[in-house]
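Please keep the sequence and the model in view while reading.

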Amino acid sequence: MSLTFLSIGSGSCGNCYCLSTDDDAILIDCGVSLRSLKKYLNEYGVKVGKIRGLLITHDHADHIKATGKFSAEYGIPVYATPLVHEGIRRICLSPVKSDNRRDIEKDVAFEVGPFKVTAFYLPHDASENVGYFIEIGEHKFCVMTDVGDATEAVKESIRKSNYLVLEANYDMEMLGQGRYPEELKRRIASGRGHLSNVKCATALAENFHEGIKNVWLCHLSEENNHPELARKTVETILRGYGIIAGVDFKLEVLRRKIPTGPFILE
């Protein structure tokens, strides 16, 4: 089965990822504008009619912005934990209609069309935050964004996935020397903030296995990171473990404001 991954946006301006087969698709997060979402889905040939559901990681605006409107316009179910659904209700001007709401439990698998999905806890300063482990055919795909720390759940997800979307949000030196207020710097670097380039690379290196085919670095900070810096940091740390990007697996950095891909996953 051929699987396609498209990043529509990845960063504090808006996050949305699309995973699709010839007949079915799911979106992970819906934090870009409705206009941009429609535009890019059309440009990349993703028919809205084949989207079986929206999976929401957490209730920050850059992950939920268009959720209610998109779901209502096309009657698409929205899957999230009860705490995240409550956050969407509070934050979004257009909340999710009750008919489209689907409550999920962490660590309990559910099906969205042909996709088998399991949500798992990730530390972040939202009402609640989850990663998604998605299985379809032989493919094992995982999205982990806004990750405060490389917990055992993060490491386990790396060990069992073939395809990983993993946060590399900031460079420690850039954050430390940057213009953010000290309180915000502490929040970002805390165990409920974001994952640094070094922590991302270390978690990946220590849990790497030969089944990993693709890794995409996501949610890079515009202020405290740079795509080539994130890539180089990850490549360097992995090389210290004898793992070579471009040889042992494919490494990509997702763009913040415009789509990256599509990637065909055989």
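Asp59 and Arg90 form a salt bridge in this predicted model, their closest N and O atoms being 3.8 Å apart; a salt bridge here is a side-chain nitrogen of Lys or Arg within 4 Å of a carboxyl oxygen of Asp or Glu. The pair joins distant parts of the chain, 31 residues apart, with Asp59 in the loop between S4 and H2 and Arg90 in helix H4 (residues 82-91). Helices (H or I, at least four residues) and strands (E, at least two) are DSSP runs numbered from the N terminus. Asp59 counts as buried at 2% relative accessibility, where buried means under 20% relative accessible area, exposed over 50% and partly exposed in between (1.4 Å probe, protein chains only).

As the model is predicted, local features need pLDDT of at least 70 and side-chain atom pairs count only at pLDDT 80 or more, while totals for chains, interfaces and linings use all residues. Residues are numbered from 1 along each chain as its sequence is written, and side-chain values use heavy atoms, with hydrogens and water left out.

**Other salt bridges**

- The whole structure contains 15 salt bridges by this search.
- Side chains of opposite charge can pair when their charged atoms come close.
- Glu43 pairs with Lys39, with the closest N and O atoms 2.9 Å apart.
- Glu43 and Lys39 lie 4 residues apart in helix H1, so about one helical turn separates them.
- Glu43 is partly exposed, with a relative accessible area of 49%, and Lys39 is likewise partly exposed at 42%.
- A salt bridge also joins the side chains of Asp103 and Arg101 (2.6 Å, N to O).
- Asp103 is partly exposed at 44% relative accessibility, and Arg101 is partly exposed at 34%.
- Glu222, Arg256 and Lys257 are linked in a network of salt bridges.

**The open sheet**

- An open sheet of 7 strands runs in the order S7-S8-S9-S10-S11-S12-S13, with mixed pairing; two strands pair if DSSP finds at least two bridges between them.
- Strands S7 (110-112) and S13 (250-253) stand at the edges with a single partner strand each, so one side of each has no neighbour in the sheet.
- From one strand to the next, the twist averages 20°.
- Strand S12 (residues 214-218) pairs with S13 in the parallel sense over 4 bridges.
- Leu217 has Val253 in S13 as its bridge partner.

**Helices on the sheet**

- Helix H5 (residues 152-160) packs on the sheet and touches strands S8 (115-121), S9 (130-136), S10 (139-144) and S11 (163-167); contact means heavy atoms within 4.5 Å.
- The direction of H5 makes about 150° with that of S10; axes are lines fitted to C-alpha atoms, for helices over the stretch in contact, and angles run from 0 to 180 degrees between N-to-C directions.
- Helix H9 (residues 227-240) packs on the sheet against S12 and S13, its direction making about 150° with that of S13.

**Nonpolar cores**

- The largest nonpolar core has 30 residues, of which Met144, Ile158, Leu204 and Leu217 touch the most other members; such a core is a set of buried Ala, Val, Leu, Ile, Met, Phe, Trp, Tyr and Cys residues joined through side-chain atoms within 4.5 Å.
- At least two residues of this core come from each of S10, H5, S11, helix H8 (197-206), S12, H9 and S13.
- H8 supplies the largest share of this core, 5 residues.
- Leaving aside residues up to four places away in sequence, Leu217 touches a set of residues including Leu166, Cys200, Val234 and Leu251.
- A second, separate core of 27 residues includes Leu3, Ile26, Val130 and Phe141.

**Helix H3**

- Thr67, Gly68, Phe70 and Ser71 are buried in helix H3 (residues 67-74).
- The buried residues of H3 pack against strand S3 (25-28), helix H1 (34-43), strand S4 (51-55), helix H2 (61-64) and strand S5 (78-80).

**Cysteines**

- The count of disulfides is 0, a disulfide being a pair of cysteine sulfur atoms within 2.5 Å.
- Cys30 is in no disulfide, and the nearest cysteine sulfur, that of Cys16, is 5.2 Å away.
- Cys30 is buried, with a relative accessible area of 0%.
- Cys142 is in no disulfide, and the nearest cysteine sulfur, that of Cys218, is 10 Å away.
- Cys142 is buried, with a relative accessible area of 0%.
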